[in-house]
Amino acid sequence: MFSRLFLHVRGQWPLLLAAWAATGCIAALQFVIPRLTQYAIDHVIPKSDYNMLLPIAGGVMLTAVLLGVFGYTSSYAFAKVGQRTVLDIRTSLYRHLQSLDMAYFDRKRTGELMSRVTSDVNQLQQMVSAGTMGILTDAVTFIAIACFMLYQNVQLTAVLLALFPLMLLAARLYGGKLRSSYRNVQETVADMSGQLQDSLSQIRLVKTFAAEERENTRFAELGEANKEANLAATRFSALFGPAIDLLQYVGMAFVLAFGSWQAMRGNGEMTAGSMVAYLAYLRLLQNPVRRFSRLMSTMQQSAAAYDRIIETMNTSPQVADRDGARELHVGTGEVVFKEVTFGYGDPSKDSPLLCRFNLVLQPGKTTALVGSSGAGKSTLAHLLLRYYDVWDGAISVDGMDLREVTQASLRRRIGIVTQETMLRSGSVRENLLYGRPEASEDELLQAAKAACAHEFIEALPSGYDTEIGERGVRLSGGQKQRLSIARALLANPAIILLDEATASLDTESEALIQQALQTLLHGRTCLVIAHRLSTVRSADRIVVLEGGRLIESGNHEELLEHGGRYRSLYERQFPQGKQTEIPHET
Ligand SMILES: Nc1ncnc2c1ncn2[C@@H]1O[C@H](COP(=O)(O)OP(=O)(O)OP(=O)(O)O)[C@@H](O)[C@H]1O
């Protein structure tokens, strides 16, 4: 763990060296005051040497000031190293999360992942800034004092030092258990975070079903589990301090008895002054050990958090750019699904959703996908975006296999407008520019006008700078759709994926959206999950999907004439050819 942590510390050596140098000075200065005390007792008092009183007092004052200066320097430098390290870990973790594939996010709860970046990294912060660095300071102090004590009195010190391995052994045995109990604590924090994220991000759902009490109870239960896990860890960690203290008092009793015996023998091995100084050194020696026992708990807490961070860092994305992946340059925009086999589960265990599926999206033409719910329409869109990799077969754009091109270049060339709102909190402008941040103001206005969105945006309280709320909650359904269309137009992609809204819109919004969509789809290769009659009828080709298989294809007239699945879907769903209904079984 420490070796991995040190990877994050690289590049901070000057600061670290400064901190260690200051620590070394502190360790050296620790001896001065006990030494001056010993000198005063053994030499100055017996000889009534009044002239030495001022220099001794001055020496003590000067040492105290220097200890303060070096203490400040080392604390600040270590804290700075710690903060920078934590920042590095947090940004690496966030970057790594962003690089993971959709299947990973399908499995994990958002709130749980959030707790890794926030709560787990915070735990680590405690160890890196206060813990690890404090331990280094204490270790240096401990070794320096132990050497000096050995020089002062070999027999006494040797026996005393024999006690310390016992303490280290206790710490080691204890550490593993403590770590697993802190891991439980972190897991309960993640559960609470998951609950918080779920209920707050779906607050409309909670209110609609008047489920506040149920959510409160659930949160209280998770809080209770967290309290219990914390108490279990504390019961355990609280034992360690008194155990270490006990061993220390054994040491002190030994020094008092054995040291006094040596002093009473009067053969010069021990004087009253050196006995007082020796006890002072012993206290100095005990300080790092006592602090270490307290840090032990913090360290195990941080180690548990670090385990969880590493678990995420060690997950590799299943969908990643290959070495030497090229930029996708779209020419005509022909998309080919060739013998595609795919499922969301495990290829070795689960049966596929799509089996040897073939489809060609003609360049510049609109292909409408219709079929029952769960037939696999959205899955085709997900595969084209390479959210998931196919199990077998290939998908290509202008003859280039999606796995051979960079994900960024692929997704830049595909525009998506979905019924599930893909907007984020921020202003209208920020949302429009999300796909192409470098677009000019002129281009922005043109896209908004072409998407029939300019007028309603201008009418908002701050126009293009109006904040639209989380996922665009302050906009109507039709407005959100037009914003998505404008954003896609601004990015000017060669291929469009459109998942039409199923919700009925009023005639005016519907007309505006149709107009916007016509502009968007014109001249581009489009795959539309079609729910609107107008789109279905005017599509260049309609493809009927059933259970992951393509069962019919052709244009509207051809399919009606054919009298197959499309016709029955059509007649059932569009009895009088109403504009807002959908060819979609639920
Ligand atoms: N992320 C996922 N993980 C596991 N299974 C999934 C996932 N997404 C979809 N599925 C499953 O794959 C099947 C096809 O889903 P898909 O969303 O492609 O259907 P669809 O035709 O778009 O349906 P609808 O018209 O209702 O949106 C469904 O049985 C669904 O349960």
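Over residues 157-175 the chain is 100% helix and 0% strand, with the end C-alpha atoms 27 Å apart. That comes from a predicted model, as does everything else I will show.

I start there because of the annotation: an unreviewed UniProt entry places the feature "transmembrane region" at 157-175, and also at 12-33, 53-74, 133-151 and 246-264. Take residues 12-33 as another of these spans: 86% helix, 0% strand, and 33 Å between the end C-alpha atoms.

Next, a helix pair. Helix α3, residues 32-44, packs with helix α4, residues 53-99; the angle is about 170° and the axes are 10 Å apart. Angles over 145 degrees count as roughly antiparallel, and α3 and α4 are therefore roughly antiparallel to each other. On the α3 side, the contact is made by Val32, Ile33, Leu36, Ala40 and Val44. Helix α4 brings Ile56, Gly59, Val60 and Thr63. By class, the residues of this contact are seven nonpolar, two polar and no charged.

Now the sheet. It is open and has four strands, in the order β2-β1-β4-β5, with antiparallel pairing. The edges are β2, at 354-361, and β5, at 400-401, each pairing on one side only. Strand β1, residues 335-342, is joined to β2 by five bridges in the antiparallel sense. Within that pairing, Val340 stands opposite Phe357 of β2.

What packs on the sheet?

Terms used
Residues numbered from 1 in each chain as written. Predicted model: local features only at pLDDT ≥ 70, side-chain atom pairs only at ≥ 80, totals over all residues. Pairing = 2+ DSSP bridges. Helix = DSSP H or I, 4+ residues; strand = E, 2+ residues; numbered from the N terminus. Axes fitted to C-alpha atoms, helices over the stretch in contact; angles between N-to-C directions. Parallel < 35°, antiparallel > 145°, perpendicular 65-115°, else oblique. Contact = placed C-beta atoms within 7 Å. Nonpolar A, V, L, I, M, F, W, Y, C, P; charged D, E, K, R; others polar.
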